[in-house]
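Here's a quick briefing on the pockets and nonpolar cores of this protein. Have a look at the model first, then read on.

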Amino acid sequence: MSRWTRDEVAARIALDIPDGSYVNLGIGIPTMVADHVPAGRELVFHTENGMLGMGSAAVGDAIDEDLINAGKLYVTESVGCSYFHHADSFAMIRGRHIEYCVIGAYQVTVDGDLANWRTNSPDVIPGVGGAMDLAVGARNLFVAMDLFTKTGDCKLVAEAAYPLTGIGCVNRIYTDYGIFEPNGAGFTAVELAGDTTLGELQERCHVPLTDAGTTGETKTTTGVHC
């Protein structure tokens, strides 16, 4: 089966966010979305530590040690960016002024429930951070994650095995094998990577996967163009 790279997943997400949107990015693949904004499109990135107008990742001489995002990664400024108190940042989230949030997850259920702040492993330090606020405050919630764990378990599940961050909040899931939407009974495959087929994924996933197309064929891609 084909897989998208982390950069391709991030680029695919950036394509789906409308021009001019206010967007919060989580840690990991979500952070990379800022590096793949299509030419001619403006997305205004928000970070809960108090910045609106965050740019792409900072490297080399562009690094300013006083300029980081909520994940403690060095970032750049976009023209017209602004800074504010942490409390004001969360007021933006809780007031539903953030149109899109891209966040990571350990599991997403068929009902769109999100589990992303802790697992049952004693070796993982739990930390919900701003995730619970974003899960209910953002108008649209996109999840970016690997489809399978390191042990091969699918992260799309009927019922979460981990504590929930939010209930019924996930609109769409972007993974290395394809894009999915929760539909209550299972997940609808919106797009699959490369030569990956729905049948191959169904063999590894323990929840029903259905085709979004009316022709019986889910769209596949060999790469992401941005």
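Keep in mind that this is a predicted model. Let's start with the lining of the second largest pocket, which has nine nonpolar, six polar and one charged residues.

**Second largest pocket**
- This pocket holds about 180 Å³ of space.
- It's lined by 16 residues, and Glu42, Leu43, Val44, Gly53 and Ser78 sit closest to its centre.
- Strands S2 (44-47), S3 (51-57) and S4 (75-83) are the elements that each give two or more residues to that lining.

**Largest pocket**
- The volume here comes to about 1,200 Å³.
- Of its 49 lining residues, Ile27, Gly104, Ala105, Tyr106 and Asn116 are the closest to the centre.
- Two or more lining residues come from each of strand S1 (22-25), helix H2 (29-32), helix H3 (86-94), strand S5 (100-103) and helix H4 (131-137).
- H2 gives the largest share, three residues.
- Sorted by class, the lining has 24 nonpolar, 15 polar and 10 charged residues.

**Nonpolar cores**
- The largest core has 32 residues, and the ones touching the most other members are Val108, Leu114, Val143, Leu156, Phe180 and Phe187.
- At least two residues of this core come from each of H3, S5, H4, strand S8 (140-144) and strand S12 (187-193).
- Take Val143: leaving aside neighbours within four places in sequence, its contacts are Ile103, Gly104, Ala105, Val108, Leu114, Val170, Arg172, Ile173 and Tyr174.
- There's also a second, separate core of 26 residues, with Trp4, Ala34, Val102 and Phe142 among them.

How values were computed. Residues are numbered from 1 along each chain as its sequence is written. This is a predicted model: local features need pLDDT of at least 70, side-chain atom pairs count only at pLDDT 80 or more; totals for chains, interfaces and linings use all residues. Side-chain values use heavy atoms; hydrogens and water are left out. On a 1 Å grid over the protein atoms alone, a cavity is a set of points where a 1.4 Å probe fits but cannot get out, and a pocket is an open set with protein on both sides within 12 Å along at least five of seven lines; lining residues have an atom within 4 Å of a point. Grid points are joined across faces, edges and corners, and a volume is the space filled by probe spheres set on the points. Helices (H or I, at least four residues) and strands (E, at least two) are DSSP runs, numbered from the N terminus. Ala, Val, Leu, Ile, Met, Phe, Trp, Tyr, Cys and Pro count as nonpolar, Asp, Glu, Lys and Arg as charged, and the others, Gly among them, as polar. A nonpolar core is a set of buried Ala, Val, Leu, Ile, Met, Phe, Trp, Tyr and Cys residues joined through side-chain atoms within 4.5 Å. Buried means under 20% relative accessible area, exposed over 50%, partly exposed in between (1.4 Å probe, protein chains only). Contact means heavy atoms within 4.5 Å.
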